[in-house]
Amino acid sequence: MYTTTSGVTSNLIHHVISSAKVPTSAMANSSGILGDGSKAIKIHHLIKAPENSPESISFRESWDATKPVTVYKTPENLPDGTPCTAATVILRTKGCAWWWKSGCTFCGYFNDVRDDVSIRDMFSQWESAKESTNNFEGCSMVKVYTSGTFFEDRENPPEWQECVLRETAEMGLHLVVEAQAQMCTPEKIKWVAERHPGCTVAIGLEAYDDKVLRFHVNKGFTTKQWHRAVEMLRENELRVKTYLIFKPPFMSEGDALNHTTKWISQVSKYSDEVSVNPMNIQKNTVVDRLFRNGEYRPPWLWSLVEMVKRSYEEISSSQCRIIIHPTAGGKIRGAHNCGSCDDDVVAAIERFSVSADIGEFEGLGCQCEEHWKAELGIDQTLPLPLGTGAFRRGNPIDLVRAP
Ligand code: SF4
Ligand SMILES: [Zn+2]
């Protein structure tokens with residue numbers, strides 16, 4: 001099934017991207033997804049170029065560059081499993097070097113960045129994060145997210161990186177930063193490890209499959225580059241966190257469930273933590289464009305529960321921890337079910353991420369499970385790889401009657 005899906009995918013991307021330039025009025029009269037026969041154009045010109053229009057840039061630059069995007073606290077676990085409180089600091093930076101060139105299909109981080117952030121702004125954002133949390137009072141962990149690679153010098157000034165690494169180490173906080181695999185060089189990883197020994201580097205691998213990385217995610221690196229980065233982190237005794245995306249675009253619900261379950265098993269052997277991010281639709285991205293055209297629907301919450309159940313035995317006997325945070329869970333633009341069971345299922349998934357106890361899913365149930373199972377069955381019988389799925393909210397009879 002999967003070979004078929006991937007084989008079909010590159011053609012579909014071509015058609016979808018081609019069709020995306022058709023005006024909405026024309027789309028209504030055409031087959032939409034098949035395009036208008038004109039030459040396909042690059043994602044870059046559809047998504048990134050409009051986002052770099054003077055209006056868009058001036059809107060982004062209206063944000064205060066001296067303050068971080070947000071700072072919040074959540075329950076977490078330290079590397080040894082001790083429960084703790086973690087502070088998350090999301091900074092307003094120049095953004096991701098990969099986005100400047102191209103960018104991942106689902107990533108809306110660029111909505112929070114601005115081109116003119118100075119070194120002084122970066123220091124001032126860090127001071128503001130410390131002030132607002134009283135120097136991370138009550139926290140044992142801090143996640144410093146820069147909408148790109150923390151230790152990439154073109155994105156973030158090295159002096160600022162050094163300050164964050166050293167200060168968090170001096171405060172005894174476990175630090176988590178994010179990186180792209182190809183930005184991990186032996187010199188840089190050694191440099192990071194000298195300043196904050198034992199910190200965690202999270203890499204958004206998204207999929208353990210080079211075709212998916214290329215055609216569904218547009219990730220900008222390969223699984224081979226990820227393996228090389230993991231080796232560097234291990235050699236420097238840093239911790240490895242791996243992000244996977246659940247249901248990238250151009251993939252059905254059934255394929256997403258099967259593939260992500262397999263990827264968890266494969267990448268957990270090389271990771272201290274695997275964090276599965278169910279797709280949520282971020283503004284002005286390729287996925288947003290598909291979603292607004294009715295060509296993509298975010299995953300079911302039931303699929304996430306099923307994925308955990310299928311992976312549980314193997315993961316619980318390994319050293320690796322699995323975490324799932326359904327951003328916008330229960331909402332139409334995030335992983336969702338029928339609307340009446342969503343809160344309970346999201347809460348169980350969130351609890352599982354902290355407790356790692358499969359018992360969190362006991363007693364969950366809803367009539368929409370049948371709808372979900374039917375969709376999985378169809379996905380695995382018919383070659384429909386786009387992941388559109390039917391609308392899940394409202395009276396099932398009305399949904400069947402809907403055009
Ligand atoms: S590498 Fe990360 S920050 Fe950069 S475009 Fe992809 S998801 Fe976004
Ligand atoms: Zn339900």
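Me: Two residues are in contact if their C-beta atoms, placed from the backbone, lie within 7 Å. Which residues is Ile349 in contact with, leaving aside its neighbours within four places in sequence?

Reply: Ile349 is in contact with Leu301, Leu304, Val305, Ile324 and Pro326 once those neighbours are set aside. This is a predicted model, in which local features need pLDDT of at least 70 and side-chain atom pairs count only at pLDDT 80 or more, while totals for chains, interfaces and linings use all residues. Residues are numbered from 1 along each chain as its sequence is written, and chains are lettered from A and ligands numbered from 1 in the order in which they are written.

Me: What is the mean pLDDT of the protein chain?

Reply: The mean pLDDT (the predictor's confidence in each residue, from 0 to 100) is 87, and 85% of the residues reach 70 or more. Over residues 1-31, however, pLDDT stays under 50, and for that stretch the model has 51 contacts beyond four places in sequence.

Me: Back to Ile349, which residues have the most contacts inside the largest nonpolar core?

Reply: Ile349 is one of them, together with Val142, Val201, Ala207, Leu244, Leu301 and Leu304, in a core of 94 residues. Helix 13 (residues 301-316) gives the most to this core, with six residues. A nonpolar core here is a set of buried Ala, Val, Leu, Ile, Met, Phe, Trp, Tyr and Cys residues joined through C-beta atoms within 7 Å. Buried means that 20 or more other C-beta atoms lie within 10 Å of a residue's own, exposed means 12 or fewer, and partly exposed is in between, with C-beta atoms placed from the backbone.

Me: And Leu244, why does it count as buried?

Reply: Leu244 counts as buried because it has 25 C-beta neighbours inside 10 Å. Leu244 sits in strand 6 (residues 239-246), where helices (H or I, at least four residues) and strands (E, at least two) are DSSP runs numbered from the N terminus. Leaving aside neighbours within four places in sequence, its contacts include Thr260, Trp263, Ile264 and Val267, which are also among the buried residues of helix 11. Val276 is another contact of Leu244, and the two are 32 residues apart in sequence but 4.8 Å apart in space, C-alpha to C-alpha.

Me: How many residues does helix 11 have?

Reply: Helix 11 (residues 253-268) has 16 residues and reaches 22 Å from its first C-alpha to its last, close to the 22 Å expected, a span defined as 1.5 Å times one less than the number of residues.

Me: What about Asp272, where does it lie?

Reply: Asp272 lies in the loop between helix 11 and strand 7 (273-278), and it is partly exposed, with 17 other C-beta atoms within 10 Å. Leaving aside neighbours within four places in sequence, Asp272 is in contact with Pro79, Arg239, Val240, Lys241 and Cys320.

Me: New topic: which residues are around ligand 1?

Reply: Around ligand 1 are Cys96, Trp98, Trp99, Gly103, Cys104, Cys107, Tyr109, Ser147, Gly148, Gln180 and Gly204, a residue being near if its C-beta atom, placed from the backbone, lies within 6 Å. By class, this shell has six nonpolar, five polar and no charged residues. Ala, Val, Leu, Ile, Met, Phe, Trp, Tyr, Cys and Pro count as nonpolar, Asp, Glu, Lys and Arg as charged, and the others, Gly among them, as polar.
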